Amino acid sequence: MRASDIERLVFSPFHISKILHHFLCGAKSVNSKSIKSELVYLVLPFIYNQQTQNRLKHLNKNSKFNPFIQNKEFDVFRSSLNQKIKDYREITNTAIIVLSNEIDLEINKYLIASTDIHFNNEKDIYLKSIYKSSYNLGVILGKEQYLSVFKKLRIIEI
């Protein structure tokens, strides 16, 4: 199997759309407006980084954003975040289109998924971990003002 074949499987728009759906449901669980559209571009850089994904899957609804980002390992991740956002932009856009074809997705200043999905319903242990991490990322970002997220993460790419 070639590297390009593996990349197509890992970044399948259907798989990524489920990750985004879990993210939106996590944000909606703590904020009725769900989440600012620009913040959806943070999902893949966080989920496809093993260290951040491992930290995210151990969070819960009471977790806050500041304690999550305040550690030395996160500084290394933050330094490459703008490039990762740029790299994953097209994949994210394609997944949003796929998701909007699967569910009723309101796309304005905020992204709001009409139907809820929960990671506990997933049977595959590997996918369940990814979906839980995505959901928890939605929870902690849903509690934050989007401009403070940009400032804290030093994002200039969105």
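User: Why is Phe68 called buried?

Analyst: The model is a predicted one. Phe68 has a relative accessible area of 2%, and buried means under 20%, so Phe68 is buried.

User: What makes Phe74 buried?

Analyst: The relative accessible area of Phe74 is 3%. Because the cut-off is under 20%, Phe74 counts as buried.

User: Why is the pair of Phe68 and Phe74 called edge-to-face?

Analyst: The ring centres of Phe68 and Phe74 lie 5.8 Å apart, and a pair requires centres within 6.5 Å. The planes of the two rings stand at 65 degrees, and an angle over 60 counts as edge-to-face; therefore the pair of Phe68 and Phe74 is edge-to-face.

User: How many aromatic pairs does a search of the whole structure find, and what makes the pair of Phe46 and Phe74 tilted?

Analyst: The search finds eight aromatic pairs. In the pair of Phe46 and Phe74 the centres are 6.0 Å apart and the planes form an angle of 35 degrees. Stacked requires under 30 degrees and edge-to-face over 60, so the remaining angles are tilted. Phe46 belongs to helix α3 and Phe74 to helix α6, so this pair ties together parts 28 residues apart in sequence. Ring pairs also link Phe46, Phe68, Phe74 and Phe77 into a cluster.

User: How do you know that Arg89 lies over the face of Tyr41?

Analyst: Arg89 is placed at 4.9 Å from the ring centre of Tyr41, and the distance criterion is within 6 Å. Likewise, the charged end of Lys36 sits over the ring of Tyr110, 5.5 Å from its centre.

User: Is Thr92 buried or exposed, and why?

Analyst: Thr92 has a relative accessibility of 1%; since buried means under 20%, Thr92 counts as buried. Thr92 lies in helix α6 and touches Leu20, Val40, Tyr41 and Leu44, leaving aside residues up to four places away in sequence. A polar atom of the Thr92 side chain lies 2.9 Å from the backbone oxygen of Tyr88.

User: Why is Asn54 called partly exposed?

Analyst: Its relative accessible area is 28%. Buried requires under 20% and exposed over 50%, so Asn54, with a value in between, is partly exposed. Asn54 is in helix α4, and its side chain makes a polar contact with that of Lys57 at 3.4 Å.

User: Which residues of helix α4 are buried, and why are they said to line one face?

Analyst: They are Thr52, Gln53 and Leu56. Viewed down the axis of α4, the buried residues fall within an arc of 100 degrees, so they line one face of the helix.

How values were computed. Residues are numbered from 1 along each chain as its sequence is written. This is a predicted model: local features need pLDDT of at least 70, side-chain atom pairs count only at pLDDT 80 or more; totals for chains, interfaces and linings use all residues. Side-chain values use heavy atoms; hydrogens and water are left out. Helices (H or I, at least four residues) and strands (E, at least two) are DSSP runs, numbered from the N terminus. Buried means under 20% relative accessible area, exposed over 50%, partly exposed in between (1.4 Å probe, protein chains only). A polar contact is a pair of N or O atoms within 3.5 Å; within protein, one must be able to donate a hydrogen and the other to accept it, and residues adjacent in sequence count only if both atoms are side-chain atoms. Contact means heavy atoms within 4.5 Å. The arc is that of the directions from the helix axis to the C-beta atoms. A charge sits over a ring if NZ of Lys or CZ of Arg is within 6 Å of the ring centre and within 35 degrees of the ring normal.
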